[in-house]
Amino acid sequence: MMKFIKATKMKLLVLILLIVFLFGCTGVDVSNQNVSNNSYSLLKVHFLDVGQADSILIQFPNGETALIDGGNREDGRFVVEYIEKMGISRINYIIATHPHEDHIGGLPEVIKSFDIGKVYMPNKTSNTRIFKNLLEEIKNKGLKIIQAKGGLSIIDTEDLKFTIIAPNSEKYDETNEYSIVNKLIYKNTSFIFTGDAEKDSEEEMIKLGYNLKADVLKVGHHGGRTSTNYEFLKRVNPKFAVISVGKDNDYGHPHKEVLKRLDKMGIKVFRTDELGTIIATSDGYKINFNKEIVKNNDDATKNERDKKIIYIGNKKTKVYHTTTCKSLPKQENRVIFNSKEEAEKAGYRPHKNCIE
Ligand SMILES: [Zn+2]
Ligand SMILES: [Zn+2]
């Protein structure tokens, strides 16, 4: 009897494997297969322009989303509208790096506005009103807080890994040092997001032997001199650095010393105070930045840059848009094209309002 069941199970398994092999199991509609593969293979990281604050939206290639910090309280509306514009209704992971207002300020509004999966916070409380607001909204939604700690994994698949590599101690003198630091790896490309982590946390990450190498570094503490120390920078060894910072801020961020350290290593720096919202897109092998951020570059790079612009098509209407268009399709109806030609070849026509 057992043998018979085993044999039947075996046959069933072979049959399933055969079906999967023949018809694929991607779940994307087959009629569009030549182009729709793209829409599920890109990682997009948006460094939102929230002034002297942090807010980073991540669209993972598997369709999930994360938000690291939500800017100041007055940025809440902007962050919510930006995420809505991307056609996102669910944020799978909220990371509140540490309880300073320039990081958690906009999060109560975000949590109110979207379907939320998991919320990660460090083991650090605050007596501020905004911190209490945040806890209230989390409670109102029936969400639980997951305590963030170095070594905790958020996404762990072969191609995509999203992990927490700090904080690594129970107690620090500075609230900034409690910052959650995330590492994101998508195939051959990688990012590190440091919140406001400073020297102590950086030294711990080195000492604990985390693999810190990353292509893109979100510079710690808005470019403050007590973060991004040389030893840490050497381990990360990034090609690109993003500084989230407000114009003419009271702290003098980013500090000259930090800019010098980055410059010395030949790292290309992108700043939100100069460029507005910065979007990095990875196909797993190469990272491209959106056109706006290279606007200060000379003409020599213009052609190169034009090639990198991507367009978003709507599978339903067969219309394609620029990434900044106000009427972008819902996430599930999106298909990404790397050029207008590619879109037109696939039978899509331009949206009049956003494409000249
Ligand atoms: Zn801080
Ligand atoms: Zn900060």
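Reply: Asparagine 314 has its bridge partner in β18, and that partner is arginine 334. This is a predicted model. The two strands involved are β16, residues 311–314, and β18; they pair in the antiparallel sense, over four bridges. Strands of a sheet pair through backbone hydrogen bonds, either parallel or antiparallel.

Now the sheet itself. It is open, has four strands in the order β18-β16-β17-β19, and its pairing is mixed. β18 (334–337) and β19 (349–350) stand at the edges with a single partner strand each, so one side of each has no neighbour in the sheet.

Next, the chain as a whole. It has 12 helices and 19 strands. Of its 356 residues, 51% are buried. Take contacts between residues at least 6 apart in sequence: 63% of them join residues at least 24 apart.

Then the metals. The zinc ion (ligand 1) is coordinated by His98 (NE2), His100 (ND1), Asn176 (OD1) and Asp196 (OD), at 2.1 to 2.2 Å. The sequence spacing of these donor residues is H-x1-H-x75-N-x19-D. Angles among the four donor atoms run from 88 to 171 degrees, and the site is irregular. A tetrahedral site would need all angles between 85 and 135 degrees. Histidine 98 is buried because its relative accessible area is 1%. Histidine 100, at 29%, is partly exposed.

Aspartate 196 coordinates both zinc ions, ligand 1 and ligand 2, which are 3.5 Å apart. The pair of aspartate 196 and histidine 222 links distant parts of the chain, 26 residues apart. Aspartate 196 sits in the loop between β10 (189–193) and α7 (199–207). Histidine 222 sits in the loop between β11 (216–218) and α8 (230–236). Aspartate 196 is buried, with a relative accessible area of 1%. Histidine 222 is buried as well, with a value of 1%.

Last, the rings. A search of the whole structure turns up 11 aromatic pairs. In one of them, phenylalanine 60 and tyrosine 93 have ring centres 6.3 Å apart and planes at 80 degrees, so the pair is edge-to-face. This pair also links distant parts of the chain, 33 residues apart: phenylalanine 60 is in the loop between β2 (56–59) and β3 (65–68), and tyrosine 93 is in strand β4 (residues 90–95). Phenylalanine 60 counts as buried because its relative accessibility is 3%. Tyrosine 93 is buried at 8%. Phenylalanine 191 and phenylalanine 193 make a stacked pair, 5.9 Å centre to centre and with 10 degrees between the planes. Both phenylalanine 191 and phenylalanine 193 are buried. Together with Phe47, Phe191 and Phe193 form one aromatic cluster.

Notes: Residues are numbered from 1 along each chain as its sequence is written. Chains are lettered from A and ligands numbered from 1 in the order in which they are written. This is a predicted model: local features need pLDDT of at least 70, side-chain atom pairs count only at pLDDT 80 or more; totals for chains, interfaces and linings use all residues. Side-chain values use heavy atoms; hydrogens and water are left out. Rings of Phe, Tyr and Trp (its six-membered ring) pair if their centres lie within 6.5 Å; planes under 30 degrees apart count as stacked, over 60 as edge-to-face and the rest as tilted. Buried means under 20% relative accessible area, exposed over 50%, partly exposed in between (1.4 Å probe, protein chains only). Donors are N, O and S atoms within 2.8 Å of the metal (3.2 Å for Na, K and Ca); water is not among the atoms, so sites may look incomplete. Four donors count as tetrahedral if all angles lie between 85 and 135 degrees; four count as square planar and six as octahedral if opposite donors are over 155 degrees apart and all others between 65 and 115; anything else is irregular. Two strands pair if DSSP finds at least two bridges between them. Contact means heavy atoms within 4.5 Å.
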